Amino acid sequence: MDLDFLEKLVSTPSPSGFEQPVQELVRNRFKNFADEIKTDVHGNVIGIRNPEGEPRIMIAAHCDEIGFMVKHITDEGYIYFGQIGGVDASLLPGHHVEIHTANGIISGVIGKKPIHFMEEEDKRKKHEIHTFAIDTGARKKKDLDGVVSIGDPITFPPGFRVLKNSLLASRSFDDKAGVFVLTEMMRKLIKRKLRAGVFAVSTVQEEVGLRGARTSAYAIKPEVGIAIDVDFSSDYPGIDKKRVGEESLGKGPVLHRGANINPVLEKLLIKTAKEKNIPYQLSGSPRITGTDANVMQITRAGVATAVVSIPTRYMHTPIEVVSIRDMENAVKLLVSFVTSLSGKVNFTPQEIRYQHFNLKLRIHSFQPENGPGKMDSSSIGKIITRHRGYNNVFQTQSSNCHAYTLSFSIIHRFRPSVLNSTEPAVPRAYTAENHKCRSPFTIARSPVWTAGTFTYCVQIELIKYG
Ligand SMILES: [Zn+2]
């Protein structure tokens, strides 16, 4: 892992809309690893390997970071600013900032009234971004004329630090950690023979609405799209695992499950991790992820998408913390996955997540509870095979009893979880009650019972999880 390059990435400013300094680094980096490099009108940088390969896979990491922008300069020379992306205003007072002007960096500070003069109400006051001003030392507006322009981007200064246990702290690991994994993946792929076409995209404007991934995915027309981004770890004081889920630094990249993730791709990634002994963590993403995978998935007629995340502490603060190990393992996972892809892969989710499948059923007994009646003996001990969508059919002879007890075993290693009788005379309420597998279970009869040969239909569905 080339940590010098990572430090360069996080130390190069790239608030959304002002990404080109960092894109220049990425372009130069790709020069040795890509067959072709493109920059589109939006500013996305695309490094391509094996452009004619199949399937076409787009791997995206956003190079933009949160920041601020000069909005107004007062006559006294103080700079008021707006936010670029989701910034926590309570972090601002007492910080150095850098204003990125046409002629270089201007340093400033965001001041605050000393604690000595703070009233109770000052302490309780909600921090709002438009109430803070940057002090550059200018005495009047004129001092900043031709120096600082309205619309100049602002960031916290670089502060890359190595912590214990292979952890790193800096601003903008969201998502320079992802861009780093992307470029390292391309570096590692250089020695590998590829059958897939790989489009590594350093996307722009993710923090302001996933905008770079949207246009680049449209142009690339991928069949598979993977976003590499940071994700919330829950291994530090004050964060609630019950809300965030269990996720720790150093325990491997995070794979997700949920609507934003194609189930075939999800399984392939997990299979790759298991086969290569790469540690990974699993996150439930019940909503659409806030990553480039969101827009990639709904590009054109749809793309099979997934997210590979780097667990991160203190997201959207100037001291985001990540683990080198997680980035290493994310690179390993992506390199293994990309090299394993070949030709046409069917990503259509044919197997539904709750998979119904053929069932074999052995009937042990079918006993009337009261009154005479007997079951057609040919059904006893008979293995009945159920095919998807069809009911098991077995017959009883006439009876005037009100209930039967059916005893059976399921000759299958999967856990049955839905059991349902669809015999028309069976009251609906009973059907609902039997949504659990029980054997023996009782099939209630309608109290009004006519003699004759009766065909009983019992539908038993098995559900396989995972
Ligand atoms: Zn991000």
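In these legends, helices (H or I, at least four residues) and strands (E, at least two) are DSSP runs, numbered from the N terminus. The structure shown is a predicted model.

**Figure 1. Overview of the protein chain, with its 11 helices and 24 strands.** Of the 466 residues, 39% count as buried. Among contacts with a separation of 6 or more, 75% are between residues 24 or more positions apart.

**Figure 2. The loop between β2 and β3 (56-62), where Pro-55 is found.** Glu-54 and Pro-55 are joined by a cis peptide bond. Its omega is about -5°. Most peptide bonds are trans.

**Figure 3. Helix α1 (3-11) and its buried residues.** Leu-6, Leu-9 and Val-10 are the residues of α1 shown as buried. Around the helix axis these residues cover an arc of only 90°, which puts them on the same side of α1. They pack against α2, β11 (167-170) and α5.

**Figure 4. Helix α2 (residues 20-30), with a buried and an exposed face.** The buried residues are Val-22, Gln-23, Leu-25, Val-26, Arg-29 and Phe-30. Seen down the axis of α2, they fall within an arc of 155°, so they line one face of the helix. Pro-21 and Asn-28 are exposed, on the face turned away from that buried side. The elements covering the buried residues of α2 include the helices α1 (3-11) and α5 (173-189). They also include the strands β1 (36-39), β2 (45-49) and β12 (197-203).

**Figure 5. The crossing of α1 and α5.** The axes of these two helices come within 9 Å and cross at roughly 145°. The crossing is right-handed. On the α1 side, Phe-5, Leu-6, Leu-9 and Val-10 take part in the contact. They meet Phe-173, Lys-176, Val-179 and Phe-180 in α5. By class, this contact has seven nonpolar, no polar and one charged residues.

**Figure 6. The crossing of α5 and helix α10 (residues 324-340).** The two axes come within 9 Å and cross at roughly 45°. The helices α5 and α10 are therefore oblique to each other. Their crossing is right-handed. From α5, the residues in contact are Ala-177, Phe-180, Val-181, Glu-184, Met-185, Lys-188 and Leu-189. Their partners in α10 are Met-327, Ala-330, Val-331, Leu-334, Val-335 and Val-338. The contact of α5 with α10 has 11 nonpolar, no polar and two charged residues. Phe-180 of α5 takes part both in this contact and in the contact with α1.

**Figure 7. A cis peptide bond between Asp-174 and Asp-175.** For this bond, omega is about 5°. Asp-175 lies in helix α5.

**Figure 8. Gln-205, a residue with a positive phi in the loop between β12 and α6 (211-220).** The phi of Gln-205 is about 55°, although this residue is not a glycine. Most residues other than glycine have a negative phi. Gln-205 has 23 other C-beta atoms within 10 Å. Because a residue is buried if 20 or more lie within that distance, Gln-205 counts as buried.

**Figure 9. His-316 in the loop between β16 (304-312) and β17 (320-323).** Phi of His-316 is near 65°, a positive value in a residue other than glycine. His-316 has 18 C-beta neighbours inside 10 Å and counts as partly exposed, because partly exposed residues fall between the limits of 12 or fewer for exposed and 20 or more for buried.

Methods: Residues are numbered from 1 along each chain as its sequence is written. This is a predicted model: local features need pLDDT of at least 70, side-chain atom pairs count only at pLDDT 80 or more; totals for chains, interfaces and linings use all residues. The arc is that of the directions from the helix axis to the C-beta atoms. Two residues are in contact if their C-beta atoms, placed from the backbone, lie within 7 Å. Axes are lines fitted to C-alpha atoms, for helices over the stretch in contact, and angles run from 0 to 180 degrees between N-to-C directions. Angles under 35 degrees count as roughly parallel, over 145 as roughly antiparallel, 65 to 115 as roughly perpendicular and the rest as oblique. A crossing is left-handed if the near helix is turned anticlockwise from the far one by less than a right angle, and right-handed if clockwise. Ala, Val, Leu, Ile, Met, Phe, Trp, Tyr, Cys and Pro count as nonpolar, Asp, Glu, Lys and Arg as charged, and the others, Gly among them, as polar.
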